[in-house]
Amino acid sequence: MSPDLLDARLADARAEASTLDAADPLRAHRSLFVGSETSLVYFDGNSLGRPLRATAESVGAFVRDEWGGRLIRGWDERWMSQPFELGDLLGRVALGAAPAQTVIGDSTTVLLYKLLRAAFDHAHAVDPERVEIVVDRDNFPTDRFLVEGVAAERGGRVRWIEAPRDGGVTADLLASALGPSTAVVLLSHVAYRSGHMADAAALTGLAHDAGALIVWDLCHSAGSVPVQADAWGFDLAVGCTYKYLGGGPGSPAFAYVATRWQDVLTQPIQGWMGAADVFAMGPEYEPAPGVRRFLSGTPPITGMLALRDTLPLLGEVGIDAVRAKSVALTSFAVRLADTLLPGVSVASPRDAAARGGHVTLTHPAMREVTARLWEQDVIPDYRDPGGLRMGLSPLSTSFAEVVEGVVAIAGALEAVALGR
Ligand SMILES: *Cc1c(COP(=O)(O)O)cnc(C)c1O
């Protein structure tokens, strides 16, 4: 591309960004986030959302008044019910889940293990022919590793789906993996690499038609795309709170267990917090009724604090408004990649309806490009092979930020090509 043409395209892109920012109904929300006043470009809201300014205050107040002031009384007064209250709120604002089905608990990995094993054991007990766990080869590592581990531990086997790297699991692909030996299916709603968004309602229906249970990984969905866990007939789901939900580094994950399964399934980490009478200190484990039985140990209250601020904000804005801006941001990013980044491929679905909240751009130099960008305070992330991910968090990302980030990518690609 000639320098003149590039300059003209860049001027057009900046003009379009300022029009889009001016018309953006969520533009005022950006200033609620720490760091939004700087020129840093943040494309990693899909891995670790920015903190709210309000959280800097509320965490201090928690230490001073709640922990420091109430001390052990805090458990009775607020903390014992916190995993359920925040779970209900999360279910309402992000998951389409009626109350008493969502709980904040352990890490995503641990909750996935508990629910996957509970589902496998149930399906296998009802019908011993059901020994297969279906998962796709491109699912997130923890998901694949857990499936292999549970299969090995419980005498099951893995049935792999081969999905395209720049797409994801479709109805046809899932249908061909299902059968009378399927016990449980584990899929990501939005694929971590490509951003492909699966048709969760249709795939859930297919799993059920085959007599299997399905566990949804909602890590890249919760707080980014609308989910209708109840209406889509989900059995079980797990997701992170530190990605689009802004819970902070290592904040605990959530589990959704449909009411109909709560008293049927038993999970493998039997701890006192999941017992029917927590303080009975009885001789034997008896699981609590309801969603409490999916807890194991003491809830990580300090890890949930930021969610007290981010979930009400999401509720106020509404997930549909978040999704509308997300579609606008990712569509803009795809257009900019096409016009300003020759030689770079878009490895995410081009159809916005089949895409979640991030866009992956591939080029052999992207690992080095990402490292250079981080030094310039432009923060995407890198996933093999050759994928730079632009995670665009609707509440904290502006269209101008998207342009400046793409310009920086173009500059870094050129510098790498010229060996500078
Ligand atoms: C981020 C992510 C995880 C992370 O699991 P942790 O236990 O929180 O480390 C799991 N699955 C998917 C699909 C993810 O995107």
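User: How far apart do the C-alpha centres of domain 1 and domain 2 lie?
Analyst: This is a predicted model, where local features need pLDDT of at least 70 and side-chain atom pairs pLDDT 80 or more, while totals for chains, interfaces and linings use all residues. Residues count from 1 along each chain as its sequence is written, and side-chain values use heavy atoms, leaving out hydrogens and water. The chain's domain assignment (automatic or from a database) gives domain 1 as 3-53 + 318-418 and domain 2 as 78-315. Between their C-alpha centres the separation is 30 Å.

User: What area is buried between domain 1 and domain 2?
Analyst: Buried area here is the accessible area (1.4 Å probe) that two parts lose on being put together, summed over both. Carbon and sulfur atoms give 60% of it, and the total is about 2300 Å².

User: Which residues of domain 1 lose the most area to domain 2?
Analyst: Three residues stand out, together making up 21% of what the domain 1 side buries. They're Leu-52, Ile-319 and His-358.

User: Where does the largest share of the side of domain 1 that touches domain 2 come from?
Analyst: Helices (H or I, at least four residues) and strands (E, at least two) are DSSP runs, numbered from the N terminus. Both α12 (319-340) and β10 (358-362) supply at least two residues of that side. The largest share, five residues, belongs to α12.
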